[in-house]
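Please read the following account alongside the sequence and the coordinates.

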Amino acid sequence: MGGRDLCERTMEPLTPETIAKRVQSILTKIRSAEEKAGRPAGTVRLVAATKTVTVEHIAEGVRAGLSILGENRVQEALPKIAMFTQAPVHWHFIGQLQRRKVRSVIGRFDLIHSVDTVDLAQEINRRAEEAGCRQNILLEVNVGGEPTKAGFHPDDVVRSVPMMAQLSHVCIKGLMTIPPPSAGQDSARPYFRTLHELARQIEALDLPSVGMDELSMGMSNDFDVAIEEGATLVRVGTAIFGARHV
């Protein structure tokens with residue numbers, strides 16, 4: 001998926017027909033990437049990143065086949081969730097989560113992708129216990145070691161998991177990463193491969209309440225490469241809803 005093609009595609013007017021066409025195009029590319037990687041159909045699920053996307057456009061996406069919606073901001077997500085209580089959708093939290101916002105997230109999101117410290121996992125556990133539920137999470141790994149990016153350092157995440165495995169109201173489902181910005185798809189491949197290898201190391205620990213079934217990696221420009229390297233969840237926003245202003 002070249003940058004020029006993506007730019008041209010996202011300049012189209014955002015109509016119901018455009019959204020439906022893009023959703024089906026992404027789903028087709030996911031299936032093609034699965035086949036290329038020799039993986040069974042349905043192994044990879046699309047998480048539509050809906051930050052700043054209107055309720056109307058999200059509804060069009062759901063009608064076109066979106067079933068998992070990913071939000072970055074708690075205050076923006078909660079009113080949207082309230083609007084889709086009757087829709088067949090699941091909500092994932094994919095943005096950086098502040099400890100003071102944890103209470104608002106518990107029980108409203110099926111999966112939190114961005115748990116980046118032991119302290120945050122402990123806070124999620126505490127709030128989930130208060131709510132009488134068990135929260136599914138992914139551990140975010142800063143595979144590129146970027147000083148300005150959140151996430152466990154690759155050398156630390158394996159050592160930290162046994163401590164988090166003791167949290168009775170948290171269930172670790174896998175890992176998430178965002179590789180460093182790059183000019184081409186293949187430059188992201190080593191980072192995706194690193195995340196997959198870390199998952200296998202953690203899986204070998206055979207800890208209770210820890211599974212490595214989910215790898216959340218790959219976005220609009222590189223999700224096909226991520227699928228080849230083992231992604232089970234790909235987070236795509238721009239290629240569906242166009243470029244957005246934060």
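Ser 209 counts as partly exposed, at 27% relative accessibility. In this predicted model, Ser 209 lies in the loop between helix 8 and strand 7. Its phi is near 65 degrees, a positive value in a residue other than glycine. Asp 206 is found in the loop that joins helix 8 (189-203) to strand 7 (210-216), and Asp 206 likewise has a positive phi, of about 55 degrees, although it is not a glycine.

The axes of helix 7 and helix 8 come within 10 Å and cross at roughly 25 degrees. Angles under 35 degrees count as roughly parallel, and helix 7 is therefore roughly parallel to helix 8. Their crossing is right-handed. On the side of helix 7 the contact is made by Pro 154, Val 157, Val 158 and Val 161, and on the side of helix 8 by Leu 198, Gln 201 and Ile 202. By class, this contact of helix 7 with helix 8 has six nonpolar residues, one polar and no charged.

Which residues of helix 7 are buried? In helix 7 (residues 154-164) they are Pro 154, Val 157, Val 158, Ser 160, Val 161 and Met 164. An α-helix has 3.6 residues a turn, so residues three or four places apart point the same way. What covers the buried residues of helix 7 includes helix 6 (118-131), strand 5 (135-140), strand 6 (170-176), helix 8 and strand 7.

Helix 6, one of these covering elements, packs against helix 7 at an angle of about 25 degrees, with the axes 10 Å apart. Because of that angle, helix 6 is roughly parallel to helix 7. The crossing of helix 6 and helix 7 is right-handed. Val 118, Ala 121 and Gln 122 of helix 6 make the contact with Ser 160, Met 163 and Met 164 of helix 7. The residues of this contact of helix 6 with helix 7 divide into four nonpolar, two polar and no charged.

Leaving aside neighbours within four places in sequence, Val 157 is in contact with Leu 139, Val 141, Phe 152, Leu 175, Leu 198 and Ile 202.

Helix 2 and helix 3 (residues 55-64) pack at an angle of about 50 degrees, with their axes 9 Å apart. That angle makes helix 2 oblique to helix 3. Helix 2 passes helix 3 in a right-handed crossing. Here Pro 16, Ile 19, Ala 20, Val 23 and Gln 24 in helix 2 meet His 57, Glu 60, Gly 61 and Ala 64 in helix 3. The contact of helix 2 with helix 3 has five nonpolar, three polar and one charged residues.

Definitions and conventions: Residues are numbered from 1 along each chain as its sequence is written. This is a predicted model: local features need pLDDT of at least 70, side-chain atom pairs count only at pLDDT 80 or more; totals for chains, interfaces and linings use all residues. Side-chain values use heavy atoms; hydrogens and water are left out. Helices (H or I, at least four residues) and strands (E, at least two) are DSSP runs, numbered from the N terminus. Buried means under 20% relative accessible area, exposed over 50%, partly exposed in between (1.4 Å probe, protein chains only). Contact means heavy atoms within 4.5 Å. Axes are lines fitted to C-alpha atoms, for helices over the stretch in contact, and angles run from 0 to 180 degrees between N-to-C directions. Angles under 35 degrees count as roughly parallel, over 145 as roughly antiparallel, 65 to 115 as roughly perpendicular and the rest as oblique. A crossing is left-handed if the near helix is turned anticlockwise from the far one by less than a right angle, and right-handed if clockwise. Ala, Val, Leu, Ile, Met, Phe, Trp, Tyr, Cys and Pro count as nonpolar, Asp, Glu, Lys and Arg as charged, and the others, Gly among them, as polar.
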